[in-house]
Amino acid sequence: MELFLMTLVTGIMVGGIYALIALGWVVIYKCSGVLNLAMGELTLIGAYVSWWLYSTGIPFVVCVFLTIIIGIILGILTERIFLDRLIGQPLLSVIMVTVGLSFFFRGTAMFIWGPSTKTFHPPVFPQESIHVGMLSITPVFFWSFLVVIGLLIALVAFFKYTRWGLSMQATADDETAALSLGVSVRFVYAASWSIAFITAGIGGALLANINGLNINIAHLGLVVLPAVIFGGLNSIPGAIVGGIVIGILENMTGTYLTQIVPGGIKTIVPFIFLVIFMMFRPHGLWGWVRIERV
Amino acid sequence: MSRVWLPCGHYHQSYAKDQGWWQTPVIKLKMLLLLGIVLLGVPLLLPGYWVGVCTIIGYTAMGALGVQLLIGYTELITLGHGAFIAVGAYTSTMLVLHFPWPEVLVDLGLAYPLSIVVAGLFAGIWSVIFGLPTIRVKGFYFILTTIAAQFITVDLILTQYVSKIGGRAQSIKIPSDAAKIGPWTMSGDVKPYLLMAVLLILMVMVTANLLRTKRGRAWMAIRDNDVAASTMGINVFYHKLLAFFVAGAMAGVAGAFWVSNTSAMSPEHFPWFLSLKLVGVILIGGIGSIHGAILGAAFWVLVGEFLQMGVLPLADYWPNVLMSFTFLKTAFFGLIICAFLNFEPHGLAYRWWQIKNYFNLWPFSY
């Protein structure tokens, strides 16, 4: 029972980080209708930037803020350099640009920082676990979860209550109509990529604190795709629920199934689960079902 | 309008002729010349290393053809095609090394060719399994299924289970005389190249012919608008699965070919990067054209080679550059893909068509 609860809690906390990265995915999809396949690499870049800043001796909180600022700059640059010409082009080409971007980011990050595993030194979070009742929680997970909750609330509020959030939703609905109503689509794209960079950067920094930092972070960023699809591509609550569900699923598999099915089943299970799940709900939990007409 | 540009005074008088392979004698001559260059010119004239490079081009093109069929002709975006190449490669390896072949077949050198056929069929069926969700899942949601195909096949089944058959750690060693066709053992540079050329030509012919049939037209109708296609009486699900089968089978044959060109089979030969690379190849080559896949593959491999040649002299001043060359290459190709999509969205095939047109119409521009 205790093992079960522990796994559950760890799953929820890791799931929180997944939810954060999933949110970056959903924001870009909501604004531009593009599936951003470079999300894993955005996570990687964020993680490396914060590690690099931390290794120069800056406190971690400041590092995260600087990562956010660098993320915003990178988001604007990405939009200006790579995506600006593609406004109004078929969606397939925009998605493929994100594939190209993922190559570019991965190659650049690995070229600059090398393939060996990096750790945050000295450790950012204390090593002793926090005891809550009979549960013991590793501080990394605990603090990550708090940060993630705060960010999630901020982002949801941004979409619901600000003018920018509204113009983003308008662009997602119909790019041409939004343009004719005076919404700057370029600005919306830049903003959505910046938000994606921010969420991925924070998520990456936290993930790097848990597992150490190497190319696998990009893979972890990709594990988030099942979470996004599970919740439905254009649903923010869906991303949060999906992230947590995938986190729990992954940890449960890690605890219970690994003895029966050895090997890397832990990271594969979300994909297997999603393939079966999609047969029953092809648009995820809360994704919009578009009625297709000829 | 005919499919190809016809010289002044040539007119087709039947639809069959309009769809013909060789519409004018000049085209026939050009194609025979190309065949001669591919089968005789390259192995006789180029040095061994570059023949090997051409083999890699062909291998990439074989994989890219399947992706072209799925993305370019049926608009099923696939980001996991490397998995089916891996399935073909492993099926062939396992059959050649572990299957109790009758002595007669081994002596005649039929074991490997038969394994190529079986690998193609098996990879096709494997691909159909992952195509099954198309019955309900569409668009971006479907991309996840193809990514799942990659991770389930390569990272789980092949890495964790198949690679460990016989207690080996990771890679399966392939003896140099394992791949044997008739009396010839596939070793050196030229023999794998010739095998590649034959397989690639067969594949191109199969694809081009399929696209001229009812099935091919159904695929293109689904690509343009699947709802409209289904109202016209096309069984969308069946045709999508058929596309998956054909594309998977081609990937399987490509993978089975890889057995003859490598000395050890390892899951690391088929990372997710390979699947993304194949998509990149057809983007560079041009979506929706067969020669686009080949042009893209040639571009990708040759640029990689030239990049390597350009970087090697730098090593004296900056030794680090060689160690991280693969990363540099990855980043560079990412930039190339982005640049192509921004500045040449129709790919090399379109540029090729423009050049051809220019010379066809010369000296007038219309």
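Predicted model: local features only at pLDDT ≥ 70, side-chain atom pairs only at ≥ 80, totals over all residues.
The crossing in which H4(A) passes H15(B) is left-handed. By class, the residues that form the contact of H4(A) with H15(B) comprise 16 nonpolar, 7 polar and 1 charged.

The contact between the two chains involves 39 residues of chain A and 37 residues of chain B. On the side of chain A that touches chain B, at least two residues each are supplied by H4, by helix H9 (216–231) and by helix H11 (265–280). Of the elements of chain A, H4(A) gives the most to this side, with 14 residues. The residues of chain A on the side that touches chain B divide into 26 nonpolar, 10 polar and 3 charged.

A residue of helix H9 of chain A, Ile229(A), was examined individually. With 36 C-beta neighbours inside 10 Å, Ile229(A) counts as buried, since the cut-off for a buried residue is 20 or more other C-beta atoms within that distance. When residues up to four places away in sequence are not counted, Ile229(A) touches Leu274(A) and Gly284(A) in chain A, together with Tyr141(B) and Leu144(B) in chain B. Between Ile229(A) and Ile268(A), which are 39 residues apart along the chain, the separation of the C-alpha atoms is 15 Å.

Chain A as a whole has 11 helices and 2 strands, and its elements, read from the N terminus on, follow the order α-α-α-α-β-β-α-α-α-α-α-α-α. The radius of gyration of chain A is 19 Å, close to the 19 Å that the globule rule gives for 294 residues, so chain A is as compact as a globular protein of that length. Taken along the principal axes, the box filled by the C-alpha atoms of chain A is roughly 60 × 50 × 35 Å. Buried residues account for 52% of the 294 residues in chain A. Of the contacts in chain A with a separation of 6 or more, 76% are between residues 24 or more positions apart.

Within chain A, helix H1 (residues 2–32) packs with helix H5 (residues 139–161) at an angle of about 35°, and the axes of these two helices are 9 Å apart. H1(A) passes H5(A) in a left-handed crossing. On the H1(A) side, the contact is made by Thr10(A), Met13(A), Val14(A), Gly16(A), Ile17(A), Ala19(A), Leu20(A) and Leu23(A), and on the H5(A) side by Phe141(A), Ser144(A), Phe145(A), Val148(A), Ile149(A), Leu151(A), Leu152(A) and Leu155(A). By class, the contact of H1(A) with H5(A) has 13 nonpolar and 3 polar residues, and no charged residues.

Met13(A), one of the residues that H1(A) brings to this contact, is 57 residues apart in sequence from Ile70(A), and the two are 26 Å apart in space, C-alpha to C-alpha. Ile70(A) has its place in helix H3 of chain A (residues 60–83). Because 18 other C-beta atoms lie within 10 Å, Ile70(A) is classed as partly exposed.

Turning to chain B, the secondary structure comes to 16 helices and 4 strands. For 366 residues, a compact globule would have a radius of gyration near 21 Å, and the 21 Å of chain B agrees with this. The C-alpha atoms of chain B fill a box of roughly 65 × 55 × 45 Å along the principal axes. Of the 366 residues in chain B, 43% are buried. Among contacts in chain B between residues at least 6 apart in sequence, 77% join residues at least 24 apart.

A residue of helix H4 of chain B (residues 82–98), His98(B), was also examined. His98(B) is exposed, with 11 other C-beta atoms within 10 Å, because a residue with 12 or fewer such atoms counts as exposed. The C-alpha atoms of His98(B) and Leu40(B), which are 58 residues apart along the chain, are separated by 35 Å.

Definitions and conventions:
Residues numbered from 1 in each chain as written. Chains lettered and ligands numbered in written order. Left-handed = near helix turned anticlockwise from the far one by under 90°. Nonpolar A, V, L, I, M, F, W, Y, C, P; charged D, E, K, R; others polar. Rg over C-alpha atoms; globule rule 2.2 N^0.38 Å. Contact = placed C-beta atoms within 7 Å. Axes fitted to C-alpha atoms, helices over the stretch in contact; angles between N-to-C directions.
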